[in-house]
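Visitor: I should like to be guided through the structure shown below. May we proceed by question and answer?

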Amino acid sequence: MTDRPTPPISSRRKPKQERSSELVRAILQAAIQVLAKEGIRRFTTTRVAERAGVSVGSVYQYFPNKASILFRLQSDEWRQTAAMLDAILHDAAQPPLARLRLLVHAFVRSECEEAEVRTALNDAAPFYRDAPEALDAQAAGDHMFHAFIDEVLPGVTEPVRKMAGDLVMATLTAVGQQFSEEPRTDAEITAYADAMADMLCAYMASLAP
């Protein structure tokens, strides 16, 4: 039995004119609203088109199916996160552990501010998580963070550095997601991020020779 080919999830075509770009932005904004309000089970291209005030055919000009819309939303989120990581982790003016602290604060705040849509995108992950585009995006983020860990722990063996990077990333993702499941005040976010940063920085310091 042959494997069924993976449906395309990349955008069907790129907008070349400003009007086309505005249409794509309207479709994506509508998709966020549908996803946040109705959840993944009721998410369809028809509902997105209705919310955007355009025809379904207009949506299909740029997105071949609902998986491609969901992946575009997730890709945009990944790009924003990658830009945040890059700006913080490559700031040579800050010591490595200070950068890690800044990263924790930025990550926790981002999780809380975008909790509703992020949760819905997590529910939608089965539609695109095994696609090559998704795997490439995740690999790029992993590589960036592990390169930072190599800088923090230059005298530590590679297996220990890899374990440290995996543990820090898993902790940020799991704990940040759990914390953001309820509405949080600014003071609560700051206090929680401080505590998590203290824990992760102490762990990293304990690994240094």
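**The helices and their packing**

Guide: This is a predicted model, and its protein chain holds 9 helices and 0 strands.

Visitor: In what order do the elements run from the N terminus on?
Guide: The count gives 9 helices and 0 strands. Read from the N terminus on, the elements of the protein chain therefore follow the order α-α-α-α-α-α-α-α-α.

Visitor: What box do the C-alpha atoms of the protein chain fill?
Guide: The box is taken along the principal axes. Its dimensions are roughly 60 × 45 × 40 Å.

Visitor: What distance should helix 4 span?
Guide: Helix 4 covers residues 66–89, and it has 24 residues.

Visitor: Is helix 4 oblique or parallel to helix 6?
Guide: Helix 4 and helix 6 (residues 115–124) have axes 10 Å apart and pack at an angle of about 125°. That angle makes the arrangement of helix 4 relative to helix 6 oblique.

Visitor: How many nonpolar residues are in the contact of helix 4 with helix 6?
Guide: From helix 4, Leu-70, Leu-73, Gln-74 and Glu-77 take part, and they meet Arg-118, Leu-121 and Ala-124 of helix 6. By class, the contact has 1 polar and 2 charged residues, and the number of nonpolar ones is 4.

Visitor: At what angle do helix 5 and helix 7 cross?
Guide: Helix 5 spans residues 96–113 and helix 7 spans residues 132–152. Helix 5 passes helix 7 in a left-handed crossing. Their axes come within 10 Å, and the angle is roughly 145°.

Visitor: How many charged residues are in the contact of helix 5 with helix 7?
Guide: Pro-96, Leu-97, Arg-99, Leu-100 and Leu-103 in helix 5 face Phe-145, Phe-148, Glu-151 and Val-152 in helix 7 as contact partners. This contact has 7 nonpolar and no polar residues, and its charged residues number 2.

Terms used:
Residues numbered from 1 in each chain as written. Predicted model: local features only at pLDDT ≥ 70, side-chain atom pairs only at ≥ 80, totals over all residues. Heavy atoms only, no water. Axes fitted to C-alpha atoms, helices over the stretch in contact; angles between N-to-C directions. Helix = DSSP H or I, 4+ residues; strand = E, 2+ residues; numbered from the N terminus. Parallel < 35°, antiparallel > 145°, perpendicular 65-115°, else oblique. Contact = heavy atoms within 4.5 Å. Nonpolar A, V, L, I, M, F, W, Y, C, P; charged D, E, K, R; others polar. Expected span 1.5 Å × (residues − 1). Left-handed = near helix turned anticlockwise from the far one by under 90°.
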